[in-house]
Every structure is written in structure tokens, then in C-alpha cells.
Amino acid sequence: MINKTINNGPLLKLAAALAMALALMLFAGPGPMAASKSTEEIIVPKTKADRFQPSGPTPPGVFFYRLEPSFYTGFAPRSQEPRRIHVHLGRGNQLRVTVVLSERMIDTYIQDLNHRYRTYKRLIEAKRMTLTQNTGWETFEKTLAEHRVVELAEAGPEMQADLYRRHNIEMLEELNPGRIFHIRIDFEKRMAEWSEQLAGLAATDAKHADPIALINDMLPTRMTVTRMTGELSKKFDRVRTLNLNYREAPSDKSWRAFYEAASALFDEASRGLYPRTGKFVDVYEFTAIYPVGTLNDTASFGDQEMPLYPFPGRRKLMVHQRTRIIDHIPEAACYGYLPWLPYMHVGDRLHNAFHSLWFDIDTRRNKFIPEAWKRNNVGSRTGEPYTHLWLLSRGPMSHGCTHVNAGHILELRQAMPSSEGDMADVVTFRNKSNHFDIFDIDGDGTPEVMGVKYYYSYSLQGKKPNRIRAANDRKAFYRWLYKSGYRYLPDGRLVFDHATATAFRENTAVKGKTYRNIALYEAEYTPERLQFIGSAPIPFVRELRRVNFDYPSDPAFIPATARR
């Protein structure tokens, strides 16, 4: 939570005390909340093993020898428009990042990959940065060659627009498997259903209807209106009047009047993010789900104890309090020179932020990681086993910040606008502790609880990784993470008996809709893609992570020869 090394004991204690004081003042759960308790005092559940077991050919996390700067070598698209980015923390300790892709983002995706590749390559050849430790760059280069990215980028201007768009969409899907969703919703059918919903309210207790909830229900789980403007109120009142007319005297004319008014309301509320092609809402989205660590504390809701999210609500990214930069990179090596993105100030000097955890694991001395991980040398430039591992603990862990795996925080930065000014308009949503992130991820009309296939959690002792909290097999981990209130179907899917979402009014988190018999969506854990480089100035590292086809890099840090 603060820009100091892990050994700065007094400041860390002050940060923790302030965070917990604010947590107790600001957190409001549904009904009385039992006193929280530090997770370091919680008895670790008994498991069949006291160490993680290998769960696949590739270990999770990022292996390394020493702390150095790095750059992103993955394939997530970048949005230069902050309104297209939705960042959502929900129960279960995962962060969902959904980017609604614009036509420009789709049409320049191959060009942007090529631009990033050529920029990195020229900087390497000019010895502006030195590749060290791992071979993430070579993997990136090989993947682009296998997909003919440079060839397609050069041929693109000569292709027909429709053909080149198809190439870009296919490239997005191939390089981001399971994360690109074509959302195609019959809007006319949806408005017919919504018309019935409005009519039902008109016949019952319309005076107490929540217009914000009704407007967001025009495109369930995707709309994020949090306050009524004068224009929204005007358009909403017109829609309700025209819907009553249609219900009282159904005809093609009265339906068309309602439909056109509802379309105008929808466009105003969605800010044009979901354009229609004919009668269909037709867009592509990139959605990534990352496991995260949250405040090292828990709270009880009814008979369930769960990780405590002390600061629920709608929050924009904001500047780091001392550097006055949103795109902050700590100089302290213990943070790995990775992005640090603040979303809340705590007092005059402290803050909460998205950043990578500093509790790395010494592979030579650690007692709970598998022996095979201690011998891991995959992708090493020396062939020697790695001596350290950045492995996120999913669950209670921080002093108030949101911990994200090292490679994933780089990817989160990659998805956001290049410029500092545009980053200030990125909005994040933090649920109440007992509320799930419920989202219709593929647009098929069936919302699901968001989750991710990442089953690693460990406790700390003296600020060092100590022991596992739960076995890292799926069922054992979910018993620890979700406790109860769910069941498994014969096909292995997990279904919650009921799950409540958080709604947002202005910047405040409130109780939202409750769903019954709702399935858990489990995103694949995405391998973390980065390349370490030798010592480099912080401004250079920051600018390196901003590189984009539609962003003119600062020539003071990225020479003109490395730009398109």
C-alpha cells in the first residue's frame, strides 16, 4: 500500500492500522458483521498435504533470478478509450477486466502487434535495453512469425477492408484463446422482454421502481449507469409513457414508437459502447480474469467467513500521492519495477493500488512448493534452475492493496490507455465482500459467477510465505474459498444456490440482484508473459509499456528510429 521496501516496519504498521480503521468505518454489509480477525491468527484448514502439488506441465507464476525491470510480451489489445474498460473485483478473489473493442482497435490490432515488435527489436539492436534472465522475447518473436504478423501488417493497406478486418479478428482470437467474445444480442427481442418488465412494474409498485436498475437491465450485466442525469430521466419517462401506450393499444405503430424511444435511451445510457447492426447489438469484447490477493483480514456474514474487501465502491484510477503519477513504478526493487496503479488515497500519504505482491518465494528454501518447481529452468537464459518465484496468494494477503500476479499486472497495464491523462478516466468497481461478480461473459443471455482456475493460497509469517491455506486441487480449494452454498453437477460444474451481485449508486456499493441456481464460470489461468531487461531508468520502462500503434512515444525515452 505504500512505496517503501518490505523492511519498513513502522510505516507498514501505520498503513495497516489506517486501512483497518477506515475499513471498519466505511464497510457496510447486509446486516451485522462479526468482528474481523487477522488471517495470521486463523487456523489453517487441515488438508491432505502441507505443500502444493504439481497440477500441470507448466508451473504458475513468474520464475526469476533477480529483480529487474521487464516489458509485456503477451497479446492483449490496448484501448486508448478509458470508457471501454471495465475492471471489476468480486467475491472469490478475482479481478475481471472487460474491454469493449472499438472498430479502430480491431482494424489496427495486427498493425499494433507489428509496431510493438519492431519497437522492441530496434531498442534491443540499439542496445537501449538488454535481455536478461528469461526468453520471453524469443517466444513473442516466434509466435508473431508463426502467425505471419509482419507479413500481414505490411500487406494490410492493400487488402479490402472487410478481409483485413477478418484477419484482425482471427488474430485476436488465436493469440487470446478463450478471451475474445463475439457479443451478438437480438436487441429487438431484448426490448420486447424489457417492455414486459416495465409493464409488470407499472401494474404493481412503479412508484418505488429503481430507474437506474431498470436502465441497466436493458443489457443485463453490461450496463454500468450509476446515476440519473437530466437527459436520462427525460428519455426514461418518455419510454415508460410510450410503453404504457403500447400495452394499452398494441399495434405496429405504438411498438415502433416505444422501440425507437427505448433505443435512444439505450444509446444515451451505454454511451455508444454497444452499437447495433440491424436489430442486433454486435460487438467484440476482450475479457481477462486474474486471481488476486486482498486485505489480510476476514469477516463473517451469517455462518460464512470470507475475505474482507474494506473499500467497496466505484473508484477511478488516481495519482500516486508522492510522485503524482497514475502510471507509477516504485523505485524500490522489492516491487519488481512493475506497474503500481492507485485507486484510493488513505490519509495524506498512503494509498491502495493494483500492484504485484512483494512476497516472492525463495525456491531453494521454501517448504511448500513442489520439488519440480525448485528445479525449474524452462526459458532460462543460463539453463540454471531459477532461485525465486513470484506466485500470487489468492485470498487475504495485503495491507489494503489489490495484489495481481507479476505478468498479469503488466497485462492489465497493457489493456489501459497509453497516456497518463486518459488513465485518469479508467473506472474500477469493487464489490462488497459477500457479493459476486456476475456477468454474462459470452452474451448468451445466461449470467454466471465469475471465477478463475487458480488454486494457490498461502499464509505469511513475519511477512514471509509460510504455509498453504488449502490444497491446490479444485474441490479442496473451493471448500476453503467459498465455504458452502454450492453444489456440483454430474458434469463437474459448480452451481451456487444463490448469489448476490453488487449494484453501484454514484460511487457507493449497494446490494444488487440475487440470482438462484447460478453456475460458476471458470476462466483458464493465463500464463504470464514478460521479458526481463537489465537496469533501466524508470521513465524509459514506463514509456516502453505505453508503446502502441496509435500513441506517439516520447522521443526522450523511445528514440525516433524505434517508432513507426
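**Entry 1: helices α9 and α10**

I started with helix α9 (residues 230-248) and helix α10 (residues 252-270), which pack at an angle of about 160 degrees with their axes 9 Å apart. I note that this is a predicted model. How do α9 and α10 run relative to each other? Angles over 145 degrees count as roughly antiparallel, so α9 and α10 are roughly antiparallel to each other. I also looked up the handedness: the crossing of α9 and α10 is left-handed.

Next I listed the residues that make the contact. From α9 they are Glu 231, Leu 232, Lys 235, Phe 236, Arg 238, Val 239, Leu 242, Asn 243 and Tyr 246. From α10 they are Ser 254, Trp 255, Ala 257, Phe 258, Ala 261, Ala 262, Ala 264, Leu 265, Glu 268 and Ala 269. I sorted the contact of α9 with α10 by class and got 13 nonpolar, 2 polar and 4 charged residues.

**Entry 2: helices α3 and α6**

I turned to helix α3 (residues 109-125) and helix α6 (residues 161-175). Their angle is about 60 degrees, and their axes lie 8 Å apart. Angles from 65 to 115 degrees would count as roughly perpendicular, and those under 35 as roughly parallel. α3 and α6 are therefore oblique to each other.

On the α3 side, I found Tyr 109, Ile 110, Gln 111 and Leu 113 in the contact. On the α6 side, I found Tyr 164, His 167, Asn 168, Met 171, Leu 172 and Leu 175. By class, the contact of α3 with α6 has 7 nonpolar residues, 3 polar and no charged.

**Entry 3: Arg 128**

Where does Arg 128 sit? I found Arg 128 in the loop between α3 and α4 (136-146). I then looked up its exposure. Buried means under 20% relative accessible area and exposed means over 50%. Arg 128 has 35%, so Arg 128 is partly exposed.

I checked which residues Arg 128 touches, leaving aside neighbours within four places in sequence. They are Leu 123, Phe 540, Phe 557 and Pro 559. I followed up on Phe 557. Arg 128 and Phe 557 are 429 residues apart in sequence, yet 9.5 Å apart in space, C-alpha to C-alpha.

**Entry 4: the whole chain**

I finished with totals. The protein chain has 15 helices and 26 strands. Of its 564 residues, 57% count as buried. I looked at contacts between residues at least 6 apart in sequence: 75% of them join residues at least 24 apart. The accessible surface of the protein chain is about 23800 Å², and 51% of that belongs to carbon and sulfur atoms.

Terms used:
Residues numbered from 1 in each chain as written. Predicted model: local features only at pLDDT ≥ 70, side-chain atom pairs only at ≥ 80, totals over all residues. Heavy atoms only, no water. Axes fitted to C-alpha atoms, helices over the stretch in contact; angles between N-to-C directions. Helix = DSSP H or I, 4+ residues; strand = E, 2+ residues; numbered from the N terminus. Left-handed = near helix turned anticlockwise from the far one by under 90°. Contact = heavy atoms within 4.5 Å. Nonpolar A, V, L, I, M, F, W, Y, C, P; charged D, E, K, R; others polar. Buried < 20%, exposed > 50% of the residue type's maximum accessible area, 1.4 Å probe, protein only. Areas by Shrake-Rupley, 256 points an atom, 1.4 Å probe, with all protein chains shown as cover.
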